[in-house]
Amino acid sequence: MGDGMTHTVVLPGEVEQQTVIRLVNVEKSFGKQSVLKGVNLEVRRGKVTTVIGPSGGGKSVLLKHMIGLIRPDRGQVLIDGVDITRLDGEALNQVRKHFAMLFQSAALLDSMTVFDNVAFPLREKTLLTELEIQQKVTDMLKAVDLSDMGHKFPAELSGGMKKRTGLARALIMNPDIILFDEPTTGLDPLLATEIHRLIATSQQRFGFTAVVVSHDIPEVFAISDYVAMLWDGVIEEIGLTHEFEQTANVVVRRFLDAAARPETRSI
(Lines give C-alpha, C1' and ligand atoms only; values in the text may rest on other atoms or scores of the structure.)
Protein backbone atom coordinates (compact mmCIF):
# COMPACT_ATOMS: atom_id res chain seq x y z
CA MET A 1 0.00 0.00 0.00
CA GLY A 2 2.98 2.27 -0.15
CA ASP A 3 4.82 4.21 2.52
CA GLY A 4 3.98 6.83 5.14
CA MET A 5 0.57 8.44 5.03
CA THR A 6 -0.61 6.23 2.16
CA HIS A 7 -1.25 3.54 4.77
CA THR A 8 -4.34 5.56 5.79
CA VAL A 9 -7.30 4.89 3.53
CA VAL A 10 -9.63 7.87 3.09
CA LEU A 11 -12.86 6.52 1.66
CA PRO A 12 -14.73 8.37 -1.09
CA GLY A 13 -17.35 10.79 0.18
CA GLU A 14 -16.05 10.82 3.75
CA VAL A 15 -15.76 14.22 5.41
CA GLU A 16 -13.35 15.47 8.07
CA GLN A 17 -16.05 15.71 10.74
CA GLN A 18 -16.66 11.95 10.57
CA THR A 19 -13.20 11.14 11.92
CA VAL A 20 -13.13 11.06 15.73
CA ILE A 21 -9.75 9.34 16.26
CA ARG A 22 -6.75 9.85 14.00
CA LEU A 23 -3.29 8.38 14.51
CA VAL A 24 -0.55 10.00 12.43
CA ASN A 25 2.82 8.26 12.00
CA VAL A 26 2.67 6.81 15.52
CA GLU A 27 5.84 5.01 16.58
CA LYS A 28 6.47 3.17 19.85
CA SER A 29 9.32 1.01 21.07
CA PHE A 30 9.87 -0.79 24.35
CA GLY A 31 13.59 -1.05 24.85
CA LYS A 32 14.99 -2.50 21.63
CA GLN A 33 11.63 -3.86 20.53
CA SER A 34 9.92 -1.68 17.94
CA VAL A 35 6.16 -2.31 18.20
CA LEU A 36 4.50 0.50 16.25
CA LYS A 37 6.53 1.67 13.26
CA GLY A 38 4.49 4.50 11.82
CA VAL A 39 0.80 3.74 12.34
CA ASN A 40 -1.71 5.83 10.40
CA LEU A 41 -5.33 5.12 11.22
CA GLU A 42 -8.67 6.93 11.10
CA VAL A 43 -11.68 5.88 13.17
CA ARG A 44 -15.11 7.04 12.01
CA ARG A 45 -17.63 8.52 14.43
CA GLY A 46 -20.52 6.25 15.38
CA LYS A 47 -19.03 3.22 13.63
CA VAL A 48 -17.45 -0.06 14.73
CA THR A 49 -13.83 -0.40 13.63
CA THR A 50 -12.14 -3.73 14.31
CA VAL A 51 -8.36 -4.09 14.42
CA ILE A 52 -6.94 -7.51 13.64
CA GLY A 53 -3.41 -8.83 13.38
CA PRO A 54 -1.03 -11.41 14.82
CA SER A 55 -0.71 -12.00 18.56
CA GLY A 56 1.89 -9.76 20.16
CA GLY A 57 1.75 -7.40 17.21
CA GLY A 58 0.82 -4.29 19.21
CA LYS A 59 -2.98 -4.14 18.92
CA SER A 60 -3.53 -3.55 22.65
CA VAL A 61 -0.67 -1.04 22.64
CA LEU A 62 -2.51 0.78 19.85
CA LEU A 63 -5.69 1.00 21.97
CA LYS A 64 -3.77 2.38 24.93
CA HIS A 65 -2.37 5.13 22.74
CA MET A 66 -5.91 6.15 21.79
CA ILE A 67 -6.89 6.76 25.41
CA GLY A 68 -3.56 8.29 26.43
CA LEU A 69 -2.39 5.45 28.68
CA ILE A 70 0.76 5.22 26.55
CA ARG A 71 2.53 8.09 24.82
CA PRO A 72 4.12 7.51 21.42
CA ASP A 73 7.82 8.04 20.84
CA ARG A 74 6.86 9.95 17.70
CA GLY A 75 3.66 10.90 15.95
CA GLN A 76 0.25 12.31 16.87
CA VAL A 77 -2.89 10.91 18.45
CA LEU A 78 -5.78 13.23 17.60
CA ILE A 79 -9.16 12.98 19.35
CA ASP A 80 -11.65 15.28 17.64
CA GLY A 81 -8.67 17.17 16.29
CA VAL A 82 -6.90 17.59 19.65
CA ASP A 83 -3.43 16.04 19.89
CA ILE A 84 -3.54 14.26 23.25
CA THR A 85 0.20 13.53 23.15
CA ARG A 86 0.64 17.18 24.16
CA LEU A 87 -1.79 17.01 27.10
CA ASP A 88 -1.19 16.26 30.77
CA GLY A 89 -3.16 16.18 33.99
CA GLU A 90 -6.65 17.65 33.95
CA ALA A 91 -6.59 18.44 30.22
CA LEU A 92 -5.94 14.76 29.42
CA ASN A 93 -8.55 13.66 31.95
CA GLN A 94 -11.13 15.85 30.23
CA VAL A 95 -10.51 14.00 26.96
CA ARG A 96 -10.63 10.63 28.71
CA LYS A 97 -14.13 11.42 30.00
CA HIS A 98 -15.34 10.74 26.48
CA PHE A 99 -13.89 7.20 26.60
CA ALA A 100 -14.60 3.89 28.24
CA MET A 101 -12.46 0.77 27.90
CA LEU A 102 -13.49 -2.86 28.27
CA PHE A 103 -10.46 -4.98 29.12
CA GLN A 104 -10.04 -8.70 28.42
CA SER A 105 -10.69 -9.60 32.07
CA ALA A 106 -13.56 -7.08 32.46
CA ALA A 107 -11.51 -5.72 35.43
CA LEU A 108 -14.38 -6.02 37.91
CA LEU A 109 -13.91 -5.17 41.59
CA ASP A 110 -14.20 -8.52 43.39
CA SER A 111 -15.36 -6.97 46.67
CA MET A 112 -18.37 -5.31 45.05
CA THR A 113 -21.62 -6.76 43.74
CA VAL A 114 -22.56 -6.52 40.09
CA PHE A 115 -24.83 -3.58 40.93
CA ASP A 116 -22.10 -1.72 42.79
CA ASN A 117 -19.53 -2.41 40.07
CA VAL A 118 -21.81 -0.79 37.50
CA ALA A 119 -22.74 2.05 39.89
CA PHE A 120 -19.11 2.79 40.80
CA PRO A 121 -18.39 5.37 38.03
CA LEU A 122 -21.63 7.23 38.79
CA ARG A 123 -20.83 7.43 42.50
CA GLU A 124 -17.23 8.51 41.86
CA LYS A 125 -17.73 10.98 39.04
CA THR A 126 -21.24 12.43 39.27
CA LEU A 127 -23.48 14.22 41.78
CA LEU A 128 -26.49 11.99 41.13
CA THR A 129 -28.61 10.97 44.09
CA GLU A 130 -28.61 7.33 45.17
CA LEU A 131 -32.16 7.01 43.84
CA GLU A 132 -31.09 8.31 40.43
CA ILE A 133 -28.10 5.97 40.43
CA GLN A 134 -30.30 3.02 41.32
CA GLN A 135 -32.61 3.75 38.39
CA LYS A 136 -29.76 4.17 35.89
CA VAL A 137 -28.01 0.97 37.00
CA THR A 138 -31.25 -1.00 36.98
CA ASP A 139 -31.98 0.15 33.43
CA MET A 140 -28.43 -0.67 32.31
CA LEU A 141 -28.45 -4.15 33.82
CA LYS A 142 -31.70 -4.80 31.98
CA ALA A 143 -30.10 -3.61 28.73
CA VAL A 144 -27.33 -6.23 29.05
CA ASP A 145 -29.63 -9.04 30.23
CA LEU A 146 -28.44 -9.01 33.86
CA SER A 147 -31.63 -7.81 35.57
CA ASP A 148 -31.57 -10.56 38.20
CA MET A 149 -27.82 -10.52 38.84
CA GLY A 150 -27.27 -7.21 40.62
CA HIS A 151 -26.77 -8.88 44.01
CA LYS A 152 -24.15 -11.36 42.77
CA PHE A 153 -20.40 -10.96 43.22
CA PRO A 154 -17.95 -11.40 40.31
CA ALA A 155 -16.77 -14.76 41.65
CA GLU A 156 -20.32 -16.06 41.24
CA LEU A 157 -20.57 -15.08 37.58
CA SER A 158 -19.85 -17.01 34.41
CA GLY A 159 -17.32 -15.63 31.95
CA GLY A 160 -20.08 -14.26 29.75
CA MET A 161 -21.79 -12.55 32.68
CA LYS A 162 -18.52 -10.91 33.71
CA LYS A 163 -18.12 -9.53 30.19
CA ARG A 164 -21.68 -8.19 30.24
CA THR A 165 -21.12 -6.58 33.63
CA GLY A 166 -17.98 -4.93 32.28
CA LEU A 167 -19.93 -3.67 29.28
CA ALA A 168 -22.68 -2.28 31.53
CA ARG A 169 -20.08 -0.39 33.58
CA ALA A 170 -18.47 0.92 30.39
CA LEU A 171 -21.83 2.15 29.11
CA ILE A 172 -23.15 3.70 32.33
CA MET A 173 -21.39 7.05 31.80
CA ASN A 174 -22.71 7.26 28.22
CA PRO A 175 -19.24 7.53 26.63
CA ASP A 176 -18.70 8.74 23.08
CA ILE A 177 -16.05 6.08 22.44
CA ILE A 178 -15.61 2.55 23.81
CA LEU A 179 -12.42 0.57 23.28
CA PHE A 180 -12.81 -3.22 23.41
CA ASP A 181 -9.61 -5.18 24.05
CA GLU A 182 -10.28 -8.81 23.05
CA PRO A 183 -13.85 -8.76 24.46
CA THR A 184 -14.45 -12.48 23.87
CA THR A 185 -11.17 -13.90 25.18
CA GLY A 186 -11.74 -17.10 27.12
CA LEU A 187 -15.31 -17.60 25.93
CA ASP A 188 -16.64 -20.55 23.96
CA PRO A 189 -17.99 -19.83 20.45
CA LEU A 190 -21.62 -19.52 21.57
CA LEU A 191 -20.79 -17.03 24.32
CA ALA A 192 -18.48 -15.14 21.97
CA THR A 193 -21.35 -14.79 19.52
CA GLU A 194 -23.56 -13.54 22.36
CA ILE A 195 -21.03 -10.86 23.34
CA HIS A 196 -20.64 -9.79 19.71
CA ARG A 197 -24.43 -9.46 19.46
CA LEU A 198 -24.51 -7.44 22.66
CA ILE A 199 -21.79 -5.07 21.43
CA ALA A 200 -23.70 -4.57 18.17
CA THR A 201 -27.09 -3.97 19.78
CA SER A 202 -25.57 -1.66 22.41
CA GLN A 203 -23.74 0.33 19.75
CA GLN A 204 -26.93 0.71 17.72
CA ARG A 205 -28.91 1.75 20.81
CA PHE A 206 -26.40 4.17 22.34
CA GLY A 207 -24.57 5.32 19.20
CA PHE A 208 -21.02 5.23 20.56
CA THR A 209 -17.90 4.86 18.42
CA ALA A 210 -16.32 1.44 18.96
CA VAL A 211 -12.78 0.23 18.38
CA VAL A 212 -12.50 -3.54 18.81
CA VAL A 213 -9.30 -5.56 18.99
CA SER A 214 -10.16 -9.17 18.20
CA HIS A 215 -8.89 -12.59 17.11
CA ASP A 216 -12.40 -13.82 16.29
CA ILE A 217 -11.98 -13.95 12.54
CA PRO A 218 -14.22 -13.87 10.58
CA GLU A 219 -17.01 -13.85 13.22
CA VAL A 220 -16.26 -10.33 14.45
CA PHE A 221 -16.67 -8.98 10.92
CA ALA A 222 -20.44 -9.37 11.30
CA ILE A 223 -20.53 -6.44 13.75
CA SER A 224 -17.84 -4.32 12.08
CA ASP A 225 -18.29 -1.36 9.77
CA TYR A 226 -14.56 -1.13 9.10
CA VAL A 227 -11.66 -3.56 9.53
CA ALA A 228 -8.01 -2.60 9.85
CA MET A 229 -5.05 -4.96 9.94
CA LEU A 230 -1.96 -4.15 12.00
CA TRP A 231 1.00 -5.98 10.53
CA ASP A 232 4.68 -5.49 11.28
CA GLY A 233 4.02 -2.22 13.10
CA VAL A 234 1.89 -0.48 10.45
CA ILE A 235 -1.70 -0.57 9.25
CA GLU A 236 -1.34 -2.86 6.28
CA GLU A 237 -4.89 -2.26 5.09
CA ILE A 238 -8.17 -0.71 6.23
CA GLY A 239 -11.54 -0.62 4.55
CA LEU A 240 -15.24 -1.24 4.73
CA THR A 241 -15.75 -4.77 6.04
CA HIS A 242 -17.13 -6.31 2.86
CA GLU A 243 -14.29 -4.79 0.83
CA PHE A 244 -11.68 -5.88 3.36
CA GLU A 245 -12.90 -9.49 3.21
CA GLN A 246 -12.46 -9.47 -0.57
CA THR A 247 -9.01 -7.85 -0.55
CA ALA A 248 -6.35 -8.89 -3.01
CA ASN A 249 -3.57 -7.79 -0.63
CA VAL A 250 -1.36 -10.88 -0.37
CA VAL A 251 -0.37 -10.32 3.29
CA VAL A 252 -3.96 -9.74 4.43
CA ARG A 253 -5.30 -12.63 2.33
CA ARG A 254 -2.77 -15.05 3.82
CA PHE A 255 -3.61 -13.91 7.37
CA LEU A 256 -7.38 -14.18 6.85
CA ASP A 257 -7.08 -17.63 5.31
CA ALA A 258 -4.88 -18.87 8.17
CA ALA A 259 -7.09 -17.33 10.86
CA ALA A 260 -10.18 -19.04 9.41
CA ARG A 261 -8.63 -22.49 9.90
CA PRO A 262 -9.39 -24.02 13.35
CA GLU A 263 -5.84 -25.23 13.91
CA THR A 264 -4.50 -21.68 13.52
CA ARG A 265 -7.17 -19.69 15.37
CA SER A 266 -4.66 -18.52 17.99
CA ILE A 267 -2.70 -16.62 15.31
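Two strands pair if DSSP finds at least two bridges between them, and the strands and helices named on this tour are DSSP runs numbered from the N terminus, of at least two residues (E) for strands and at least four (H or I) for helices. The model is predicted, so local features need pLDDT of at least 70 and side-chain atom pairs count only at pLDDT 80 or more, while totals for chains, interfaces and linings use all residues. Residues are numbered from 1 along each chain as its sequence is written, and side-chain values use heavy atoms, with hydrogens and water left out.

Begin by selecting residues 19–30, strand E1, which runs antiparallel to E2 and is joined to it by 9 bridges. Within this pair, look for Val26, which stands opposite Val39 in E2.

Now widen the selection to the open sheet of 4 strands, whose order is E2-E1-E4-E5 with antiparallel pairing. At its edges are strand E2 (33–44) and strand E5 (82–83), each pairing on one side only.

Next, select residues 59–66, helix H1, which lies across E1, E2 and strand E4 (74–79), with contact meaning heavy atoms within 4.5 Å.

Finally, select helix H3 (residues 114–125) together with helix H5 (residues 159–171), whose axes come within 7 Å and cross at roughly 25°; axes are lines fitted to C-alpha atoms, for helices over the stretch in contact, and angles run from 0 to 180 degrees between N-to-C directions. Where do the two helices meet? Val114, Asn117, Val118 and Pro121 in H3 meet Thr165, Ala168 and Arg169 in H5.
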